[in-house]
Amino acid sequence: MILDAIIASSHQRAALLPDTFAYEVFSQRSLKRALLSRRPAVIGEVKYASPRGPTGATLPPGRLAAAMAAGGAVAISVLTEPTVFAGDSSFIGEVRRHVSLPILRKDILVHPRQIRESRACLLY
């Protein structure tokens with residue numbers, strides 16, 4: 001099954017991560033505030049593939065997120081799962097450099113190191 005492959009991949013990626021990451025404290029961008037700021041509130045999604053294949057997105061993650069923000073998105077969801085969704089954790093930092101919206105990491109996380117990795121990705 002696809003979900004089993006994603007979970008197995010997540011375990012493999014987690015095993016390669018260090019126990020600690022260097023990161024700075026960033027001001028948090030409130031998702032709640034963003035969602036309440038506009039009706040309807042749309043969350044844009046940086047996604048290059050799905051189980052059915054490529055999505056057709058061709059812009060780099062940061063530029064794609066910027067286009068979504070310009071179109072009215074109140075937050076950006078970033079697919080970081082590489083096996084099925086062609087994502088990468090580096091997309092988080094790239095998106096942060098291009099938008100001032102809340103950013104959500106969309107992946108199957110199986111270890112606390114992956115949560116720490118998410119915060120550290122904001123630096124790059």
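Colleague: Which residues of the largest nonpolar core touch the most other members?

Modeller: This is a predicted model. In its largest nonpolar core, which has 14 residues, the members touching the most others are V46, A65, M68, I76, V78, V95 and V99. Two or more residues each come from helix 3 (61-70), strand 4 (75-79) and helix 5 (90-98).

Colleague: What does A65 touch, leaving out residues up to four places away in sequence?

Modeller: On that basis, A65 is in contact with V46, I76, V95 and V99.

Colleague: Now the charges. How many salt bridges are found in the whole structure?

Modeller: The search finds four. One of them pairs D107 with R13, with 3.2 Å between the closest N and O atoms. D107 is in the loop between strand 5 (103-106) and helix 6 (112-120), and R13 is in helix 1 (residues 2-15), so the bridge ties together parts 94 residues apart in sequence.

Colleague: Are D107 and R13 buried or exposed?

Modeller: Both D107 and R13 are buried.

Colleague: Which residue does E45 bridge to?

Modeller: E45 pairs with K106, and their closest N and O atoms are 2.5 Å apart. That pair also links distant parts of the chain, as E45 belongs to strand 1 (residues 43-46) and K106 to strand 5, 61 residues apart. E45 is partly exposed at 28% relative accessibility, and K106 is partly exposed at 40%.

Colleague: Back to D107. What does R105 do there?

Modeller: R105 forms a salt bridge with D107 at 3.6 Å, N to O. R105 counts as buried because its relative accessible area is 18%, under the 20% cut-off. Through shared partners, salt bridges join R13, R105, D107 and E117 into one network.

Definitions and conventions. Residues numbered from 1 in each chain as written. Predicted model: local features only at pLDDT ≥ 70, side-chain atom pairs only at ≥ 80, totals over all residues. Heavy atoms only, no water. Core = buried A, V, L, I, M, F, W, Y, C linked by side-chain atoms within 4.5 Å. Buried < 20%, exposed > 50% of the residue type's maximum accessible area, 1.4 Å probe, protein only. Helix = DSSP H or I, 4+ residues; strand = E, 2+ residues; numbered from the N terminus. Contact = heavy atoms within 4.5 Å. Salt bridge = Lys/Arg side-chain N within 4 Å of Asp/Glu carboxyl O.
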